[in-house]
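This briefing covers side-chain contacts in one protein chain. Please look over the sequence and the model before reading on.

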Amino acid sequence: MSTPTRDRRWSSEPDAAEREELVAIRRDLHRHPEILYEVHRTAGVVAERLRGLGLEPTGGVGKTGVTAMLDSGAPGRCVILRADMDALPIHEENETAYRSTVDGAMHACGHDCHVSIGLTTAKALLRTGGVTRGAVKLVFQPAEEGGNGALAMVEDGVLETPNVDAAFGLHVWNHLPVGKVAVVDGPFMGAVDQFRIRVRGRGGHGAIPQETRDPVVAAAAVVTALQQIASRRVDPLDSVVVTVGRISGGEAFNVIPPHVDLEGTTRCFTDGVWEDLPGWVETIAQRTAEAHGCEADVEIRRLMRATVNDAAMAALVREVAAEVVGSENVVEMRTLGSEDFSEFLHRVPGCYFFVGSRNEAKGFVHSHHSPRFDVDEDVLPIGVEMLAGVARRF
């Protein structure tokens with residue numbers, strides 16, 4: 001997808017040299033993935049490039065995060081532009097010149113793209129006159145993939161000094177064609193919890209089940225009963241999903257084990273459902289196990305709340321997207337996938353949105369977290385225009 005040629009004096013659209021640099025940054029980061037908070041090289045690259053732009057980065061925010069300010073010195077509002085930096089513990093299967101050089105680690109979700117977009121957005125804002133009022137706070141975050149790095153940065157004061165008035169972020173999205181932008185009002189990505197259930201019974205020989213309390217049968221009933229949360233506990237107009245992703249127990253085909261372990265996730269969009277889900281999971285698991293002569297120990301780990309966009313901020317993003325990709329390419333899309341950018345949006349108004357990175361003709365079709373994930377790099381300049389445009393418009 002290409003955008004119209006624009007006056008370089010004010011346009012945030014990267015020129016040919018900036019596009020080449022965008023891709024080079026992304027590919028360098030892709031070759032050197034780092035997981036969770038161990039993003040030391042990545043943070044170093046970010047800080048070095050920010051200093052090269054004349055900025056003064058601050059490291060060690062939220063353990064290994066990096067921030068920098070574009071401050072006009074004039075009164076006005078402060079906005080965060082956030083990019084996450086961490087990769088995933090996945091072994092890459094792509095055969096490209098920029099494939100991961102680290103065994104068992106890969107940028108399988110596009111955070112390398114986010115960092116390159118964030119750095120080039122800073123350059124674009126400075127090239128076109130910087131910030132004329134207020135300030136833009138650039139936030140490069142570790143540990144989005146299960147480490148809640150957003151909360152760590154919040155606890156280290158990223159929303160303070162100066163106080164932040166709004167927060168924006170984007171995600172390249174391989175379920176959306178390149179050249180399209182997805183933004184919605186209200187719930188955009190789901191809240192997520194993790195649960196572990198141990199169903200305890202009394203083991204014994206498979207030939208004499210009457211002398212046992214079979215946790216396998218009880219666990220199977222628990223799996224089925226948990227689906228009643230979606231079908232009978234929640235308003236059909238609300239979205240909720242309960243997934244059991246792991247079942248383990250037993251060591252022999254003819255022996256009833258003493259216990260069976262279940263592990264899974266619950267996801268939803270609304271705070272009310274999110275507050276009720278742990279109690280429903282615990283009650284259903286325990287009473288279903290009891291009905292089968294067993295017991296259930298339930299552990300719930302609260303991971304992330306829903307990512308909820310402010311309606312006014314979503315409208316702002318929609319206006320910018322219409323200018324960048326055309327109004328016909330601005331769409332609505334939600335997912336029960338989770339995102340810890342929710343920690344920012346829980347505290348300040350803002351908007352999180354998708355920029356399409358899928359291109360079937362080029363083979364960029366694999367889902368996020370796949371060992372074959374890759375993106376159409378035409379998404380990168382679109383991301384820069386979006387973030388810079390949103391900051392200016394706000």
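The model is predicted. It holds 6 aromatic pairs, and a search of the whole structure gives 26 salt bridges.

**Aromatic pairs**

- Tryptophan 173 and phenylalanine 354 are stacked, because their ring centres are 4.0 Å apart and the planes meet at 5°, which is under the 30 degrees set for stacking.
- This pair joins distant parts of the chain, with tryptophan 173 in strand S5 (residues 166-177) and phenylalanine 354 in strand S16 (residues 350-358), 181 residues apart.
- Tryptophan 173 and phenylalanine 354 are both buried.
- Phenylalanine 188 and tyrosine 352 make an edge-to-face pair, at 6.4 Å between centres and 65° between planes.
- Since phenylalanine 188 belongs to strand S7 (residues 186-189) and tyrosine 352 to strand S16, the pair ties together parts 164 residues apart in sequence.
- Phenylalanine 188 has a relative accessible area of 0% and is therefore buried; tyrosine 352, at 0% relative accessibility, also counts as buried.
- Ring pairs connect Trp173, Phe188, Phe341, Phe344, Tyr352 and Phe354 into a cluster.

**Charges over rings**

- Arginine 77 lies over the face of phenylalanine 394, 3.8 Å from the ring centre.
- Arginine 302 has its charged end over the ring of tryptophan 274, at 4.0 Å from the centre.

- Lysine 123 and glutamate 21 form a salt bridge, with 2.8 Å between the closest N and O atoms.
- The bridge ties together parts 102 residues apart in sequence, because lysine 123 is in helix H3 (residues 111-127) and glutamate 21 in helix H1 (residues 16-31).
- Lysine 123 is partly exposed at 27% relative accessible area, and glutamate 21 is partly exposed at 24%.

**Salt bridges between strands**

- Arginine 196 and glutamate 299 meet in a salt bridge at 3.5 Å, N to O.
- As arginine 196 lies in strand S8 (residues 191-200) and glutamate 299 in strand S13 (residues 295-304), the pair ties together parts 103 residues apart in sequence.
- Arginine 196 counts as partly exposed at 35% relative accessibility, and glutamate 299 is partly exposed at 45%.
- Glutamate 295 and arginine 200 form a salt bridge, their closest N and O atoms being 2.8 Å apart.
- This pair links glutamate 295 in strand S13 with arginine 200 in strand S8, 95 residues apart.
- Glutamate 295 is partly exposed, with a relative accessible area of 45%, and arginine 200 is partly exposed, with 33%.

**Salt-bridge network**

- Salt bridges link Arg26, Arg27, Asp112, Asp374 and Glu377 in a network.

Key
Residues numbered from 1 in each chain as written. Predicted model: local features only at pLDDT ≥ 70, side-chain atom pairs only at ≥ 80, totals over all residues. Heavy atoms only, no water. Phe/Tyr/Trp six-rings, centres within 6.5 Å; stacked < 30°, edge-to-face > 60°. Helix = DSSP H or I, 4+ residues; strand = E, 2+ residues; numbered from the N terminus. Buried < 20%, exposed > 50% of the residue type's maximum accessible area, 1.4 Å probe, protein only. Lys NZ or Arg CZ within 6 Å of the ring centre and 35° of its normal. Salt bridge = Lys/Arg side-chain N within 4 Å of Asp/Glu carboxyl O.
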